[in-house]
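This report examines a pocket and several charged pairs in one protein model. Please consult the sequence and the structure shown below while reading.

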Amino acid sequence: MIPFHHDHVGSLLRPANLTQAREQYKSGAITLEQLTKVENEEIIRVIDKQKQNGVLGVTDGEFRRSWWHFDFLGGLDGVEYYEKDTGLNFHKMETRKEGIRVTGNIDFSSHPFIAHFQFLNEHAGEAVAKQTIPSPNMLVYRVDQNEEIYPDREAFLQDTIAAYQKAIQAFYDAGCRYLQLDDTAWADLFSEEGHDKLRAKGLDPAEEMKIMQRMINESIANKPEDLVITMHICRGNYKSNFFASGGYDYASETIFGGLDVDGLFLEFDDERSGGFEPLKYVNRPGLKIVLGLITSKSGELEDKEKIKARIEEAAAYVPLEQLCLSPQCGFSSTEEGNILSEEEQWAKLRFVKEIADEIWT
């Protein structure tokens, strides 16, 4: 049943030859066709590597992307990917100076990610092909707005929801049955610092929480019955650094009791994520809770018995059969990747499977 008792968020470390090919393409040394050939070869390889390491829901590693969110969002109608004067401020560094901005009415007509999924699905074989995209909240809270195009925020929200409804149907029509929405916007609700950032933009945290809930629920309201949609809530991941801190407490009733997704991938790999008590608001037996207890930010393996003990602790709030295990985030949310080796990455995924097999089989 999706999500699986041992699962993963989606992004994987980029191999050196793919990184080199992307740089060659940017400089004009190779053509798009030549870059695509390298991407195809490496995606086929990484699908096989996932299977060899026990992964049941395989992704393309997000190998065709530079960012986990901007590549998809920048491909929507009315959105443009561009270079900025500053990057995002993470805990110890600033990201690349790139972003997205509104250039017209938001819509979804066609998108290269559909063909990307079809390639993944074609080569997934007996495994389930899992597609990851940023949630609609990432457009709402990370895009540079254009008040001339959208003087009315409500019109912008409605167009975004409509675009996502079309996108979800397009992935389904292409064969997708496992779709994950990745979302860092919720992290703005997890601390007073995050609340202050919202207030500085003239936004009320309590009202924005309602909007975040609405964006998810209305975007997925028309999803086909046999399409599983999960959401990954993240506090940022760039070169093993984080963007935000704080537990789920403030938004817990909304996240665990008010979202219509089929599963939630949650960061619980360190003290920044708080405790399990907010899980008491889980109110549906069909909602899978994927505990991100294994960090993707370093290669060191955790203490297995401590991970098992934490799963048992979480089971005090949610029945064990509703729980799953995964790394807390992807290994390469951006093409730079986290600070660990590829073999350490595979060891982490094997470790997740090993623990899950001992608990659920």
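Is Arg101 buried, partly exposed or exposed? Arg101 is partly exposed, because its relative accessible area of 32% lies between the limits of 20% and 50%. The model discussed here is predicted.

## Salt bridges across the chain

Side chains of opposite charge can pair when their charged atoms come close. The whole structure contains 29 salt bridges. In one of them, Arg101 meets Glu80 with an N to O distance of 2.6 Å.

Glu354 is partly exposed at 37%, whereas Lys304 is buried at 19%. Salt bridges with shared partners also unite Arg22, Glu23, Lys26, Glu39, Arg64 and Glu335 in one network.

## A buried pair

Arg65 and Glu62 form a salt bridge whose closest N and O atoms are 3.9 Å apart. Arg65 is buried, with 4% relative accessibility, and Glu62 is buried as well, with 3%.

## The second largest pocket

The second largest pocket has a volume of about 390 Å³. Its lining comprises 20 residues, and Arg22, Tyr25, Arg64, Ser66 and Asp71 are the closest to the centre. Helices α1, α2, α3 and α4 each contribute at least two residues to this lining. By type, the lining consists of seven nonpolar, five polar and eight charged residues.

Methods. Residues numbered from 1 in each chain as written. Predicted model: local features only at pLDDT ≥ 70, side-chain atom pairs only at ≥ 80, totals over all residues. Heavy atoms only, no water. 1 Å grid on protein atoms, 1.4 Å probe; cavity = no way out; pocket = protein on both sides within 12 Å on 5 of 7 lines; lining within 4 Å. Points joined across faces, edges and corners; volume = space filled by probe spheres on them. Helix = DSSP H or I, 4+ residues; strand = E, 2+ residues; numbered from the N terminus. Nonpolar A, V, L, I, M, F, W, Y, C, P; charged D, E, K, R; others polar. Salt bridge = Lys/Arg side-chain N within 4 Å of Asp/Glu carboxyl O. Buried < 20%, exposed > 50% of the residue type's maximum accessible area, 1.4 Å probe, protein only.
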